[in-house]
Amino acid sequence: MSKIKKESTTACPQTPLFAVEPPTPEGHLEDLPHALRAALVDTMKPLALSRWQIAGRCSELLGREVSKAMLDAYCAESHEGHRLPADVAVAISVIAGNVQVLDVMAQRARCVIVPLAEVLDTDQTEDLRAGLLHCVRELGEAAQCLEESLADGALTRAELLRFRRELRDVIKAACAVAARIEEAV
């Protein structure tokens with residue numbers, strides 16, 4: 001038996017792709033309650049359900065009481081102390097068929113929420129082709145966004161945020177295709 005000598009390893013220095021200062025850890029989540037509140041209002045507004053009905057459905061999904069008054073408090077800017085619980089956020093996302101509230105949380109955690117695509121009753125081959133073509137279009141838009149942003153030799157925060165949104169669209173489109181493949185297998 002030969003003895004293998006352990007070599008000391010050092011961390012590979014990470015060179016940032018863009019020379020932009022990362023957000024400071026202190027306080028970078030301080031606007032989260034306000035952003036969640038706005039997303040919650042935006043999510044519930046277009047629903048053909050009253051807040052009473054939404055509260056009832058939340059209660060059914062969660063197996064505990066969620067009242068209209070609670071939803072009103074989560075939506076009111078004047079009720080700073082009423083924070084939206086994660087389980088209620090998920091329930092409302094399920095009811096609305098909209099992940100906007102969850103997406104706000106994911107963005108702050110530097111993650112991406114990807115709703116799984118429903119498999120259509122159409123021919124799976126066509127569906128996969130269409131999904132893949134959509135991915136390619138999204139990737140093209142992301143590349144064009146980056147090219148435009150780098151044209152002047154500088155990358156602003158607004159350009160970075162736009163590019164990030166474009167990349168998120170690419171990821172979402174690719175995950176939708178992957179979900180269709182999983183459903184087809």
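Visitor: Which helix is L61 found in?

Guide: L61 is found in helix α2. Please note that the model shown here is predicted.

Visitor: What kind of surface patch does L61 form with V90 and V94?

Guide: The three residues form a nonpolar patch on the surface, and together they have about 270 Å² of accessible area.

Visitor: What about S59, is it buried or exposed?

Guide: S59 counts as buried, because its relative accessibility is 17% and the cut-off for buried is under 20%. S59 is found in helix α2, which spans residues 51-62.

Visitor: Which residues does S59 touch, leaving out those up to four places away in sequence?

Guide: S59 touches R64, E65 and V66.

Visitor: Let us turn to R64. Which residue does R64 form a salt bridge with?

Guide: The partner of R64 is D87, and the closest N and O atoms are 3.0 Å apart. R64 lies in the loop between α2 and α3, whereas D87 lies in helix α4 (residues 86-96), so the pair ties together parts that are 23 residues apart in sequence. R64 counts as partly exposed at 31% relative accessibility, and D87 counts as partly exposed at 31%.

Visitor: Why can side chains pair like that?

Guide: Side chains of opposite charge can pair when their charged atoms come close.

Visitor: How many salt bridges are there?

Guide: The count comes to six salt bridges. One of them joins the side chains of D31 and R108, at 2.8 Å from N to O. D31 lies in the segment before α1 and R108 in helix α5 (residues 100-108), so this pair ties together parts that are 77 residues apart in sequence.

Visitor: And what does R51 pair with?

Guide: R51 forms a salt bridge with D72, with the closest N and O atoms 2.7 Å apart. R51 lies in helix α2 and D72 in helix α3 (residues 68-75), so the pair ties together parts that are 21 residues apart in sequence.

Visitor: New topic: which residues gather in the patch of positive charge?

Guide: The patch of positive charge on the surface gathers R110, R157, R164 and R165. Among them, R164 lies in helix α7, which covers residues 157-184. R164 is partly exposed, with a relative accessible area of 40%.

Visitor: Finally, the whole protein. How many helices and strands are there?

Guide: The secondary structure comes to seven helices and zero strands.

Visitor: What share of the residues is buried?

Guide: Of the 185 residues, 29% count as buried. The accessible surface comes to about 12900 Å², and 58% of that surface belongs to carbon and sulfur atoms.

Conventions
Residues numbered from 1 in each chain as written. Predicted model: local features only at pLDDT ≥ 70, side-chain atom pairs only at ≥ 80, totals over all residues. Heavy atoms only, no water. Patch = residues over 30% accessible without salt bridge, like charges linked within 9 Å, V, L, I, M, F, W, Y side chains within 5 Å. Areas by Shrake-Rupley, 256 points an atom, 1.4 Å probe, with all protein chains shown as cover. Salt bridge = Lys/Arg side-chain N within 4 Å of Asp/Glu carboxyl O. Lys, Arg positive; Asp, Glu negative; His and termini not counted. Charge placed at Lys NZ, Arg CZ, Asp CG, Glu CD. Helix = DSSP H or I, 4+ residues; strand = E, 2+ residues; numbered from the N terminus. Buried < 20%, exposed > 50% of the residue type's maximum accessible area, 1.4 Å probe, protein only. Contact = heavy atoms within 4.5 Å.
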